[in-house]
Amino acid sequence: MIVLSIVAFLIINVHNVRCGVGMLYPQDSESRQSKLLDGIWHFRADFSPTRNQGFDEEWWKRPLAESGPVIDMPVPSSFNDVTEDKSLRDFVGWAWYERSFFISSDWAANKRVVLRFDSAHYYSTVWINGIEVMSHNGGHLPFESEVQALVSFDKPNRVTVAVNNTLSPTTLPPGTIQYQTDTTRYPPGYFVQNLQMDFFNYAGIHRHVRLYTTPLVYVDDITILTDVQSGNALVSYQVEVAGGAPTAVDITAYDATNRVVAHSSKLIDSLVIQSPTLWWPYGMNETVGYRYILQVNISGDVYRQYFGIRTLKVTENQFLINDKPFYCHGVAKHEDSDLRGKGLDYTLITKDFNLLRWLGVNCIRTSHYPYAEEIMDFADRQGVAVIDESPGVGIKNDDNMGNESVTHHKEVMSEMIRRDKNKPSVIMWSVANEPDTSRRASVPYFKAVIDHTRITDPAHRPVTFVCDQTFTNDLVVPFVDVICLNRYFGWYQDTGHLEVIQRQLQTYFAGFRNLYKKPIIMTEYGADTIPGLHREPSFVFTEEYQVEFLEEYHRVFDVAKQEYLVGEMVWNFADFMTPDGTTRVVGNKKGLLTRQRQPKRAAFVIRDRYNAFVNGTAGSCPCSSHNKYSSTPHTYYNNQPDVIIGK
C-alpha cells in the first residue's frame, strides 16, 4: 500500500534537521557569505506503484540520470504546471531533485557551511554526495544542516532531495489516501489523494536553496521585544550564541538613516531609544513601516536584524496598535500564480504589494500557511499588518485520535514563531483555518495548541483560529483573543438571495458577541465571479453579483464596527487554482483580481471603500478619529539599505 510505504518511512526517518535555537534568515555580512543553488535541477517523479522505487534502489547514491530518465525542473517552483504531463500535474508521492555545485576553498578554513531550504512540500530528505544530511516534516518553513564535513572544496558536489506531497490525517494540512480496489472500474493499485482544503496541492522545492557560511562561534538566534514607556522605546533583546563562548559582544541599534540610537556590550539587555519613530500600518500615521536595525557583532560574526517598535493590545471592543484603535481593511491571499504554482517569484510579490497599496489594504492573512520570508519583509517595510496562519486548514478532529497530530501541530507553531517572532507586521497568530470545532476532541486539541502558541511567542501576541462553525456548535472560540469568522451567506447557502445576507450576518455576529465579549474580524466573505460575465439584474458568477454581494456585507460591517468589529477581509485578493471539481471552473474565482492580477468590478468597490478609510472620508471608520495625518503624504521606509557598514 502506498500510504504505508510513504507514511511509515516518514515516521522512521524524519530526523537530523538542525534543532538549534534559531533559524536566522541568511544574509551576507563582514563575516558571512551565501551562495544560491536556485536554477535548473534534474528531476524525476517516482511513478512506481508504491512510490518507493527511489528508496529501494537508493537513487541518492549516484547521479539521478543513472537511475532512469530525468527532466529539467526550475527551483524554486512547483513542479505541477511546468510540463504538459497531466500525470505529473496531479502526482502524489516522492519526487526527486538533484544538482551539482562547487564550493571554493575560501570557505574551507574556520567556517561553518550550512545548507538551507526555505521551503519544500511537504516531507523532505536531503543527501550530499550520497550521505544523508537531514529530513524535515512539513512545508512552508525553513530547515537546514551543517555540511562542511560532507562537501568537497574546489571539486564537484552533488545534492539530492526527495520531496513528498502526500497528505495524511496527521499532516498539516491533513488529507487522506483513498484506494479503489474494484479492478473492473479502476487499474490495479489505483488511489487518489483526498484534500480537506480548497486550493491545489502544489508540490516541489518552492523557495530558495542556498549554502551559507558563519564563523565557528556564531550568532544563532536573536529575539527582540519592544515597548513604549513615557515617550521612549524600551527595546529588550536576547542573543543566542553557538559554537563556543564569545570573546567580544557589541550590540548597536541604528535608525533608518544609519544613525546610532543605542548601544550595549551584553548578550541580554534592554536599550532605551528616546523619541522613537513607531512602526505603523498603512493609514494610521504619516510614517508607515518604519524599521530600526539591531547590529549584533559576536566575536566578529556580524548579523543585522530589522525590527519595528510597536505595541499590541486587545480589549473587549478594540484591537490597539500603539494604543490606537486598529481597523483591518484587508484581504486574504494565496501564494499562487500561473506556471510557478507556489514557487517564489519576486516580480509577483512586488506586483501584489503594489496592488495591495492600490486597493488601500492595511492587513492580510497568510491563508492558509506561512508565506515566504520575502513576503513578510515586504509587509514589514510597507506597513501591512499580518495575521500569520499555520497550515492547519480543514482539521477534522476524531474523538479517538492520538497525540501525533497535536504534537506535530505544536512543532509547526514553534517553527513559525521562531522564524517570524521579530516581524513587526505580525500582529496575531492563527493556529488553523476552518477546523471542525463542533467535535469534543477539538477542545483538548486546540486548547493545547493555543496555549503552546501563547507560551512560545516571547512577545505574547494575540492568538486566534478562523472559525466557520455557528455560535451554537463551536467549542473552541472561548480560548482565542480575537474571534475570526468565515461565512458565505448568499453564496453557499441561499445562493443568489442577496436579500437575506444582512439579516443572517447580523444574527451570526450577535450570536458570537453575546456569548463572548471579544472583538470580531470577518476573515472571509466573497462570491465566485467569472471576469467579463455580466447580467442585469445580477446573477451568480457575474461581476454585478459580486459587487452587490460585497455591498450587502458592508452595510452590516458599517454598523458592527462602531462597537466590536475590528476588521473585514475579502476572500480573495486574486483567483487561485483548486483541484478538479464540479464547483470550480479552473480554480476558485472569488478574487477581486484575476489570477493574472487584472481587476474585476469588485476591486474598484473595495478600493473606494478602503481608501476612504485611509483618507478619513468614511465617517463611520474607526480610523478616522485618530488619522490626523490623512491629508499628509505617507512616508514609506521600503528603501532602507540591507547592509549598514560601521557605526
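## Ground rules

Residues count from 1 along each chain as its sequence is written, and side-chain values use heavy atoms, leaving out hydrogens and water. As the model is predicted, local features need pLDDT of at least 70 and side-chain atom pairs count only at pLDDT 80 or more, while totals for chains, interfaces and linings use all residues.

## A three-stranded sheet

Strands β23, β24 and β25 make an open, antiparallel sheet in that order (strands are DSSP runs of E, at least two residues, numbered from the N terminus; two strands pair if DSSP finds at least two bridges between them). β23 (312-314) and β25 (324-325) sit at the edges with a single partner strand each, so one side of each has no neighbour in the sheet.

Three bridges tie β23 to β24 (residues 319-321), with Leu-312 opposite Ile-321.

## The largest cavity

A cavity is a set of points on a 1 Å grid over the protein atoms alone where a 1.4 Å probe fits but cannot get out; lining residues have an atom within 4 Å of a point. Grid points are joined across faces, edges and corners, and volume is the space filled by probe spheres set on the points.

Seven cavities reach 30 Å³ or more, and the largest holds about 150 Å³. Its lining has 19 residues, with Glu-335, Asp-336, Leu-348, Ile-349 and Ile-375 nearest the centre.

A pocket is an open set with protein on both sides within 12 Å along at least five of seven lines.

How values were computed
Helix = DSSP H or I, 4+ residues; strand = E, 2+ residues; numbered from the N terminus.
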